[in-house]
Amino acid sequence: MDSTLVIMLLEGTRDTLYMTLVATLFGYVIGLPLGVILTITDVDGITPNAVIYKILDVIVNLLRSITFLILLILVIPLTRFLVGKSYGSTATIVPLVIAAAPFIARVVESSLKEVDKGVIEAATSMGAGTWTIITKVLLAEAKTSLLVGVTIVLGTILGYSAMAGAVGGGGLGDIAIRYGYYRYQTDIMVVTIVILVILVQVLQGIGMMISKKLDHRRV
């Protein structure tokens, strides 16, 4: 493998990590509050509101039902407006965030609903307000589960970023398509797949290690 190819793979790995981490960050900026609202407005939440829950539930389900490749094409006008172009790693972050946010919302909702209702009831009986229950009880008690959710989200978004290579999204997916598919260079295809698998394992390993440490602190 020559130096040019090595440099290309390193740059592809860098771009893939860039897309994955930035999209995950912005995805949580949107998805975390959305997941909290879904949790507290549900029928058994601390502030039930059927209208708000139903509206958000429909929006989340609708966005999650759209295949990522189709979403990439649908949001091209928005991507061009925000970034100035519809191709490349930075442009791919826009559809990645849109795809990640509803997925993150469901992951967060699932984690928060695992919190023991007795703890919530105890906080309520002591006069804790909604914001206090959210920050001091729900998020605090679910932190281990939330961190495990982050590892799942990272793996999913990493896969989405690779799929974006089919439409010039940059990163390892783009390299795999351009060289492995169009030029029939199977060796490059295999190398990109191996790198993607390693990245997923490393990110998930780090996430699980952190979550276990936090879990021990709770004990």
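**Burial and salt bridges, checked against their cut-offs**

Mentor: D174 is buried, with a relative accessible area of 14%.

Trainee: Why is D174 called buried?

Mentor: Buried means under 20% relative accessible area, exposed means over 50%, and partly exposed lies in between, with a 1.4 Å probe and protein chains only; D174 has 14%, so D174 counts as buried. This is a predicted model, in which local features need pLDDT of at least 70 and side-chain atom pairs count only at pLDDT 80 or more, while totals for chains, interfaces and linings use all residues. Residues are numbered from 1 along each chain as its sequence is written, and side-chain values use heavy atoms, with hydrogens and water left out.

Trainee: What makes the contact of R178 and D174 a salt bridge?

Mentor: A salt bridge is a side-chain nitrogen of Lys or Arg within 4 Å of a carboxyl oxygen of Asp or Glu, and the side chains of R178 and D174 meet at 2.9 Å, N to O. Both residues lie in helix 9, four residues apart, about one turn of the helix, where a helix is a DSSP run of H or I with at least four residues, numbered from the N terminus. An α-helix has 3.6 residues a turn, so residues three or four places apart point the same way. R178, at 32% relative accessibility, is partly exposed.

Trainee: Why is helix 9 described as largely enclosed by the rest of the structure?

Mentor: Helix 9 (residues 171-181) has 11 residues and eight of them are buried, so the helix is largely enclosed; among the buried ones are L172, I175 and Y179.

Trainee: How do you know that D42 and K113 tie together separate parts of the sequence?

Mentor: The closest N and O atoms of D42 and K113 are 2.5 Å apart, and the two form a salt bridge. D42 lies in the loop between helix 1 and helix 2 (50-64) and K113 in the loop between helix 5 (89-112) and helix 6, so the pair ties together parts that are 71 residues apart in sequence. D42 is buried at 12%, whereas K113 is partly exposed at 35%.

Trainee: Which residues are linked with D42 and K113 in a network of salt bridges?

Mentor: The network links D42 and K113 with D57, R106 and E109. Within helix 5, E109 and R106 are three residues apart, and their side chains meet at 2.7 Å, N to O.

Trainee: Are E109 and R106 buried or exposed?

Mentor: E109 has a relative accessible area of 5% and is therefore buried, and R106, with 15%, is buried too.

Key:
Helix = DSSP H or I, 4+ residues; strand = E, 2+ residues; numbered from the N terminus.
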